[in-house]
Amino acid sequence: NWNTKKCAGCGVALQVENAARPGFVPEAAREREPIICQRCFRIKHYNDASSVAIDQDDFLRLLGGIGSTNSLVVHIVDLFDFEGSMISGLQRFVGNNPVLLVVNKIDLLPKVTNWNRLRNWVQKQAKAGGLRVVDVVLCSARRNIGFDRVVEAIGQLRGDRDVYVVGATNVGKSTLVNRLIADYSDLRRELTVSRYPGTTLDAISIPLDDGRSIIDMPGIVYKSRLSEIVPRETLHALLPDKPLKPLTYQFYEKQTLFFGGLARFDFTAGERQSFTAYLSSGIPVHRTKQERADELYDNHRGEMLAPPSREELADMPPLVRHNLRIPPGGPKDVFVSGLGWIKANGSTGAVVDVYAPKGVKVLLRDCIL
Ligand code: GDP
């Protein structure tokens, strides 16, 4: 008799008659102990499915649906991969709904960071990318920094509307939604946080106490991010989990840096100047002369130049060259999506060649720090 049983998650009386009513126990949950209701089941298992990516068209269809709702859209981006994790064309999909930009993983930046300057930078980049945002909040879901501000901003901006949470994979969306649930609903239960891309399948609706919902959209997979195309073992090395330790190199022209076997940076022409690499400490950097670089890569990729291993490299796209001209003036960042960035500190201009796996986004931007 279901009616005498209570959900182990939230305490609601259980039933199996009506899926639209509270306490419904889905088929899959009936044989398990402890027994939990559909709502708790969804929350608990919502990112259990392993490594199935939703295809781009399905994702865009889901996104397009937001335009006809009256809601607040929370767009989570990864500060470490800002240009790589911004959803392109988001403005078109959300219609007139306000967008709150939540910039996660700020714990990765050095302690001395000027946060006001960074917020301005984010605002400027978003605008240049065609996205109107009502507010920008910087936070670290994992280290619990700035999270109060996120909850506060969502509370203020949503009024009595639903909240759609959108983001690319691996930006920390699950970690953040997890915290939102703990904050908003009676279910104080940790969800599984996955390190691997593409683990949330469908949009999951998490009921809020006022009858509205947080709708957690699946993470979109962008193949233009290095983190999406490396093998699993390499992903651990690629995603930083400690504050970035900037590595500064004094360079004459015709010098080269290798980032494991994943990417290569050549200072091809320009006056002597310094470059600072911001990337995960899991990726070893090798310095060499440009004239030796081809040979070094041919002979040592997958071994001295690793990760990835030789076998893993065989499954990755070949490196392609991006020729970038850094104009004289201020410092600029050479950004490689998923890997990090290299700040060109000089003011006299430079010509650089960046080699990255085919399809990975490489660009020049105003410097973030
Ligand atoms: P999702 O794919 O967007 O749902 O992202 P997850 O919540 O699964 O997180 C992806 C990866 O980023 C995991 O390895 C998390 O530990 C990590 N992560 C999440 N939030 C933060 C954060 O604030 N700082 C750092 N450094 N890592 C984070």
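**Overall layout**

I began with the secondary structure, and the protein comes to 11 helices and 16 strands. A reminder to myself: this is a predicted model. Next I checked burial, and buried residues make up 40% of the 369 residues in the protein. I also looked at contacts between residues at least 6 apart in sequence, and 71% of them join residues at least 24 apart.

**Cores**

I then looked up the nonpolar cores. The largest has 47 residues, and those with the most contacts inside it are Val 74, Leu 100, Val 102, Tyr 164 and Val 165.

**Helix α6**

Which residues of α6 are buried? I noted Phe 147, Val 150, Ala 153, Ile 154 and Arg 158. Seen down the axis of α6, the buried residues fall within an arc of 120°, so they line one face of the helix. On the face turned away from that buried side I found the exposed residues Asp 148, Glu 152 and Gln 156. Just after α6, Gly 159 takes a positive phi of about 60°.

**Around the ligand**

I moved on to the shell around the ligand. Of the 22 residues there, Ser 140, Arg 142, Gly 172, Lys 173 and Ser 174 come nearest. By class, I have the shell down as 5 nonpolar, 10 polar and 7 charged residues. Which helix gives the most to this shell? My note says α7, residues 173-184, with 3 residues.

**His 322**

Last, I looked up His 322, whose place is in strand β12, residues 319-326. Why does His 322 count as partly exposed? I found 17 C-beta neighbours inside 10 Å, and a residue needs 20 or more to be buried and 12 or fewer to be exposed. Leaving aside neighbours within four places in sequence, His 322 is in contact with Asp 353, Val 354, Ala 356 and Val 362. I also checked His 322 against Phe 265: they are 57 residues apart in sequence and 9.6 Å apart in space, C-alpha to C-alpha.

Note on methods:
Residues numbered from 1 in each chain as written. Predicted model: local features only at pLDDT ≥ 70, side-chain atom pairs only at ≥ 80, totals over all residues. Helix = DSSP H or I, 4+ residues; strand = E, 2+ residues; numbered from the N terminus. Arc of directions from axis to C-beta. Contact = placed C-beta atoms within 7 Å. Near = placed C-beta within 6 Å. Nonpolar A, V, L, I, M, F, W, Y, C, P; charged D, E, K, R; others polar. Core = buried A, V, L, I, M, F, W, Y, C linked by C-beta atoms within 7 Å.
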